[in-house]
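I opened my notebook beside the model and worked through it one item at a time. Here is what I looked up, in the order I wrote it down.

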Amino acid sequence: MASDCQGESSWPELLGAQARVAVVTIETQNPYVDTQVVLEGTPVTKDFSCTRVRVWIDQNRVVTRVPVIG
């Protein structure tokens, strides 16, 4: 489904980055999305959205999953 969305859809280079760096990078590279920083273990909805990228982080605010549109 991400292939139906506008702009870049995945940021594997941000795995292990600090959350603030990830948010700025994603929103700069794809102005069609909004980021949501989410702590690992937090429940979220399973719906798909072309305008959302969840940035999963640990307690040190380090990205723990590859950010993707969804």
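My first note is a rule: a polar contact is a pair of N or O atoms within 3.5 Å, where within protein one must be able to donate a hydrogen and the other to accept it, and residues adjacent in sequence count only if both atoms are side-chain atoms. This is a predicted model, so I kept to its limits: local features need pLDDT of at least 70, side-chain atom pairs count only at pLDDT 80 or more, and totals for chains, interfaces and linings use all residues. Residues are numbered from 1 along each chain as its sequence is written, and side-chain values use heavy atoms, with hydrogens and water left out.

**Serine 49.** By that rule, I found a polar contact of 3.0 Å between the side chains of serine 49 and threonine 51. Serine 49 sits in the loop between strand 1 and strand 2; helices (H or I, at least four residues) and strands (E, at least two) are DSSP runs, numbered from the N terminus. Serine 49 counts as buried because its relative accessibility is 18%; buried means under 20% relative accessible area, exposed over 50%, and partly exposed in between (1.4 Å probe, protein chains only). Not counting residues up to four places away in sequence, serine 49 touches Ile69 and Gly70, a contact being heavy atoms within 4.5 Å.

**Asparagine 30.** I looked next in the loop between helix 1 (19–29) and strand 1 (34–39), which holds asparagine 30. Is asparagine 30 buried or exposed? It is buried, with a relative accessible area of 0%. Its side chain reaches the backbone nitrogen of tyrosine 32 at 2.9 Å. Leaving aside neighbours within four places in sequence, the contacts of asparagine 30 include Trp11 and Ile69.

**Overall layout.** I noted one helix and two strands, in the order α-β-β from the N terminus. Buried residues make up 36% of the 70 residues. In helix 1, I listed Ala19, Ala22, Val23, Thr25 and Ile26 as buried. Strand 1 and strand 2 are among what covers the buried residues of helix 1. A reminder for reading that list: an α-helix has 3.6 residues a turn, so residues three or four places apart point the same way.

**Salt bridges.** How many salt bridges does a search of the whole structure find? I got two, taking a salt bridge as a side-chain nitrogen of Lys or Arg within 4 Å of a carboxyl oxygen of Asp or Glu. One joins the side chains of glutamate 40 and arginine 65 (2.9 Å, N to O). Glutamate 40 lies in the loop between strand 1 and strand 2 and arginine 65 in the segment after strand 2, so the pair ties together parts that are 25 residues apart in sequence. Glutamate 40 is partly exposed at 32% relative accessibility, and arginine 65 is partly exposed at 38%.

I also found aspartate 47 in a salt bridge with arginine 52, the closest N and O atoms being 3.6 Å apart. Aspartate 47 is partly exposed, with a relative accessible area of 43%, whereas arginine 52 is buried at 10%.

**Arginine 61.** Arginine 61 belongs to the segment after strand 2 (52–57), and I have it as partly exposed at 43% relative accessibility.
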